[in-house]
Protein chains: 2
Amino acid sequence: MTGNERAETGGRPLTRRGQETRQRIVAAAAELMFDNGVAETTLEEIRAAAGVSGSQVYHYFADKQALVRAVIDFQADTVLDAQGDHLDRLDTLAGLRAWRDFLVEHQRRLGCRGGCPIGALGAEVAETDAVARVAAARGLRRWEGRIRDGLAAMHARGDLPAVTDPEDLALAILAALQGGLLMTQLQRDTRPLEVALDAMLDRIEALAATA
Amino acid sequence: MTGNERAETGGRPLTRRGQETRQRIVAAAAELMFDNGVAETTLEEIRAAAGVSGSQVYHYFADKQALVRAVIDFQADTVLDAQGDHLDRLDTLAGLRAWRDFLVEHQRRLGCRGGCPIGALGAEVAETDAVARVAAARGLRRWEGRIRDGLAAMHARGDLPAVTDPEDLALAILAALQGGLLMTQLQRDTRPLEVALDAMLDRIEALAATA
DNA sequence: CCAAAAGTGGGTTGTCCAATCCAGTTGGTA
DNA sequence: TACCAACTGGATTGGACAACCCACTTTTGG
C-alpha cells in the first residue's frame, strides 16, 4: 500500500537496505509532521531524525511533496496497525466499547496532541495537493472498511435491524471519531472523543435492542 | 469577541476608518487562509487582497501569528452569522433537519472545499500556537453552546428523556459535524457530512419518541 | 569480483517571505 | 489650525529552506 515509486523515473529496483533506509526516512518524517505539522517540518530535520546524510532524502523522493504523500500512506498503515485486534472485534457491542476505550486511552497517553495522523495531515494539505488529499481519503476508507466489516457481521447475524445500513453506520462512526479527535486536540481534553463515540455506540446499542 | 488589541502595546484607540481597514485585512486573510491554508498564505497576498499598501498589515498586527489569531476569532463570528436563524431553531426536529440541509447545501455550493473555517484553521496551527488553539476551541464552544440551547429547550419541554444530557448531545452533534466536514473535504463529496449528521439526528428522533 | 546501488559529507544556488524602516501625504477631529 | 492616526510606496535586511550537484566510499547481490 505504501508507494514504492523511485524518485528517478527509471524504475530501478530498491535493495532491502534501500527499502529500510527509505522507510526510516518516512517514519521520521511521519513523527515530525505529526508533532509539528507539514509546514513546520524541514527536510533537514527529517534527515537528522532519520540518521541519514546529505542528499539521501532526495535519493528516495523527488521532492517534499512526494515525501508527504508517502507519509500519508505510511500513517494509514500505522494507524490501522496500532489498533491491532480491536478492528477485528467490532462485531459485538463489547468489542466496540473496548475499541472506544482503547482510542480514548491512546489520546490520553498522547496528551491529546496531534489529532488523527491521517485526518490532520490530510486536512493540512487538502487544498494544496490533490494527490495527497486522495491518499488521505483512501486511508480513511480503509479504516471505514474495517468498521463496516464488524457491523456487517452483526447485521448478517441479525443483531442489527435489517433496514439499517452497515455502510452508513460505519461512515457515521468514523466521522464522529474524526470530529472527536479534532475537538479533543483543540481542547486538550478527551471528553469530545468520549462523548462523540459514546453517542454513536449508544445508538448502535439501541438499534440492536430493537432487532 | 474579535480581538481589539493594537500591534503596539500602548493601547491607542482606533478610529472608525482604522477599524474598517483592520477588518478588511482580517477578512481578506480569512478568505485566503480558508482557500489555501495558513502556511500557503503570504502577507503580501493578504495586503494585495485587502487593497492596502506596504506596511499597513504591520500597523495593525504585531506579526503573522497575531493576524492568524484575529482570523480565528473572525471566522468564529462569521460561521455563526452564516447559519443565521437556523441556530435559533434547533429546539425542534424539523429545525434540526432544516439546519442539516442548510449545512449540506452550503458544502455543496463550496464544492466541498476548505472544511470547517474554525476547525481546519485550528488544526493547522494547534501544535504550533497554543493561543490560536485555544481561540479555535473557544469558537467551537460558542457553536456548541448554540446547539445545546436548542436541545435544552427540547429537554425542558419534555421532548427528550429526562436522563439525556443536552450538553453531551450537543457536543456529539458538533463532533459529528466536524468529522463530517473533514471527510467531506477530503473526499470532495457531501455524503460523509450527510450521513454523520443524519445519524445524530436519527438518534435524537429516537430519543424523542421514548420521551 | 564486479557493477550498480547505497551512502557520506559536504557545498551551492535561488527563491521566498517575514519583518523592519522610513520619508512623505492624506484625512479627520478637537 | 495643529495634531495624530491612517495611509502610501517603496527599500531593505536577514534568515530559512527546498532543491540540486559532486567527488568519493561502502555495501550488496548476481
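Which helix gives the largest share of the surface near DNA strand D? In this predicted model, that share comes from helix 1 of chain B, with three residues. Both chains take part here: helix 1 and helix 2 (43–50) of chain A, along with helix 1 of chain B, each put at least two residues into the surface near DNA strand D. Altogether 22 residues sit around DNA strand D, and those that come nearest are Ser55(A), Asp63(A), Gly18(B), Thr21(B) and Gly54(B). Sorted by class, this surface has eleven polar, seven charged and four nonpolar residues.

Helix 1 of chain A gives the most, three residues. The class breakdown near DNA strand C is ten polar, seven charged and four nonpolar residues.

How are the two protein chains related? The same surface serves both copies, since 100% of the contact residues of chain B recur in chain A.

As for the contact itself, 41 residues of chain A meet 41 residues of chain B. On the chain B side, helix 1 (16–36), helix 6 (119–125), helix 7 (130–157), helix 8 (166–187) and helix 9 (191–210) each supply at least two residues. Helix 8 of chain B has the largest share of that side, 14 residues. By class, the side of chain B that touches chain A holds 21 nonpolar, twelve polar and eight charged residues.

Within chain A, helix 4 (residues 64–82) runs for 19 residues and spans 26 Å from its first C-alpha to its last, close to the expected 27 Å. Its buried residues are Leu67(A), Val68(A), Arg69(A), Ala70(A), Val71(A), Ile72(A), Asp73(A), Phe74(A), Gln75(A) and Ala76(A). Cover for these buried residues includes helix 1, helix 6 (119–125) and helix 7 (130–157) of chain A. Just after helix 4 of chain A comes Gly84(A), with a positive phi of about 40°.

A positive phi also turns up at Arg188(A), about 55°, although this residue is not a glycine. Arg188(A) lies in the loop between helix 8 (166–187) and helix 9 (191–210) of chain A. Is Arg188(A) buried or partly exposed? Arg188(A) counts as partly exposed because it has 15 C-beta neighbours inside 10 Å, where a buried residue would need 20 or more. In chain B, Arg188(B) has a positive phi of about 50°, again without being a glycine, and is found in the loop between helix 8 and helix 9 of chain B. With 14 C-beta neighbours inside 10 Å, Arg188(B) counts as partly exposed.

On confidence, chain A averages a pLDDT of 93, and 94% of the residues score at least 70. Residues 1–11 of chain A, however, stay under 50, and for them the model has 17 contacts beyond four places in sequence. Where pLDDT is low, the predicted coordinates should not be read in detail.

Technical notes: Residues are numbered from 1 along each chain as its sequence is written. Chains are lettered from A and ligands numbered from 1 in the order in which they are written. This is a predicted model: local features need pLDDT of at least 70, side-chain atom pairs count only at pLDDT 80 or more; totals for chains, interfaces and linings use all residues. Two residues are in contact if their C-beta atoms, placed from the backbone, lie within 7 Å. Helices (H or I, at least four residues) and strands (E, at least two) are DSSP runs, numbered from the N terminus. Ala, Val, Leu, Ile, Met, Phe, Trp, Tyr, Cys and Pro count as nonpolar, Asp, Glu, Lys and Arg as charged, and the others, Gly among them, as polar. pLDDT is the predictor's confidence in each residue, from 0 to 100. The expected span of a helix is 1.5 Å times one less than its number of residues. A residue is buried if 20 or more other C-beta atoms lie within 10 Å of its own, exposed if 12 or fewer, and partly exposed in between; C-beta atoms are placed from the backbone. A residue is near a molecule or strand if its C-beta atom, placed from the backbone, lies within 6 Å of it.
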